[in-house]
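Subject: Structure for you to look at

Hi there,

Here is the structure I promised to pass on. Please open it first, and then read my notes below.

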Amino acid sequence: MSGRIGVTILGSTGSIGVSTLDVLQRHPDRFQVVALTAHRDVEALFQQCLSHEPAYAVMADADAAGTLRDRLQSAGRPVEVLAGVTGLEQVAALPEVSYVMAAIVGAAGLLPTLAAAKAGKRVLLANKEALVMAGPLFMAAVREHGAELLPIDSEHNAIFQCLPPTFATEGLDVVGVRRILLTGSGGPFRVTPLEQLSKVTPEQACAHPNWRMGRKISVDSATMMNKGLEVIEAHWLFGASLEQIDVVVHPQSVIHSMVEYQDGSVLAQLGNPDMRTPIAHALAWPRRVASGVALLDFTQMAKLEFQAPDFARFPSLKLAFSALEAGGTAPAILNAANEIAVQAFLDQKMGFTDIAAVVQYTLEQVNPLAITSLAVILDADAQARMIASDWIFAGVGGRS
Ligand code: NAD
Ligand code: MG
């Protein structure tokens, strides 16, 4: 193989996956796409295989893998097609791959992302749910196997850029960090009258004012559960205590997050809201390369606003703080219940404000346990999914 860096993209057909391919395409001399993966969208992965010529393609769904294999064969393309979680784990750990973009949405990303960490890869982490579920286990795998963990979530990438390189070995206190300030836009319902929230539609919830993203994270942004998951993510990524993390609502999404130091300095990372910036940063780190993102025009920026988050409007954010405080499997329970609730809302089985109700109910019903193994996490995840589904589909709990 050439001197290029081999890259696997887990979840290549999604919003982050497509942005990653866009950045990679700008640097064909540096990077080589080795493997692409998707859930069951055969057409999208087929087209990506034609354009990017990976050696491997994986479909999580076995039937879809069969269809993709036939189509590639008919088209005369020499792509090896694998299937299922084992296929995903396999391409995350290939010897010819150095960088793995973890961009599967939800708990489905945990095992393949963990496989990349255990294979000692540079893991570009977009799949925050994996870290929320399995924080201590995942961070231990990164340390034990010498993986490099680079955050893709724009806030965490911003914080990473505002921290000195020694933070990971010395800890936040030693390098003089007082607080991490996670910014969030407040989503599409920041000023919607509260009494209208129960009636908002999936289309309204997915119409984010600043970012174009997959549907699940778009709904999470509307409830601000996304920010809650990001608080938990920041805890594990940076070794920050609950007291060291604050959320600031910043509707313009120009500042992507900030770090406040003991000497009164606050460092911020700014840029246009386009995920290709953090993706390019993590691909090139510690260098910088072009991302295709338009530069900020300060003369066009009317104002930057900041507000405290409103927990009455965004109860999911509060629930995430509580889950982090409860510890153990509580964040995995929160995440699983939220995934079920968001899907039920997107499928119009329940209203927007039911999402937080489902998550709260599930957290009350399932006892968090200490994380002693992956099995404990997967059990908590499965149990929470059952309880949340009961609330939604059998009317058990809060719903009449
Ligand atoms: P998306 O829905 O657009 O794409 C998800 C990808 O995962 C697709 O390729 C899909 O085929 C694959 N996938 C879905 N279910 C799967 C399964 N069961 N098994 C295997 N693959 C599966 O999502 P997205 O917006 O790109 O988000 C991906 C991840 O990145 C999420 O964890 C999200 O929180 C995070 N993230 C996204 C953004 C953004 O701007 N989109 C920003 C920050 C973080
Ligand atoms: Mg984010």
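This is a predicted model: local features need pLDDT of at least 70, side-chain atom pairs count only at pLDDT 80 or more; totals for chains, interfaces and linings use all residues.

A residue is called buried when its relative accessible area is under 20%, exposed when over 50%, and partly exposed in between (1.4 Å probe, protein chains only).

Residues are numbered from 1 along each chain as its sequence is written, chains are lettered from A and ligands numbered from 1 in the order in which they are written, and side-chain values use heavy atoms, leaving out hydrogens and water.

The protein chain has 16 helices and eleven strands (DSSP runs numbered from the N terminus: helices are H or I with at least four residues, strands E with at least two). Its C-alpha atoms fill a box of roughly 55 × 55 × 45 Å along the principal axes.

Now to the metal site. Asp153 (OD), Glu155 (OE) and Glu230 (OE) coordinate the magnesium ion (ligand 2) at 2.1 to 2.2 Å. Donors here are N, O and S atoms within 2.8 Å of the metal (3.2 Å for Na, K and Ca); water is not among the atoms, so sites may look incomplete. Along the chain, the donors follow the spacing D-x1-E-x74-E. Glu155 lies in helix H7 (residues 154-162) and Glu230 in helix H11 (residues 225-238), 75 residues apart. Glu155 is buried, at 7% relative accessible area, and Glu230 is buried too, at 0%.

Best wishes
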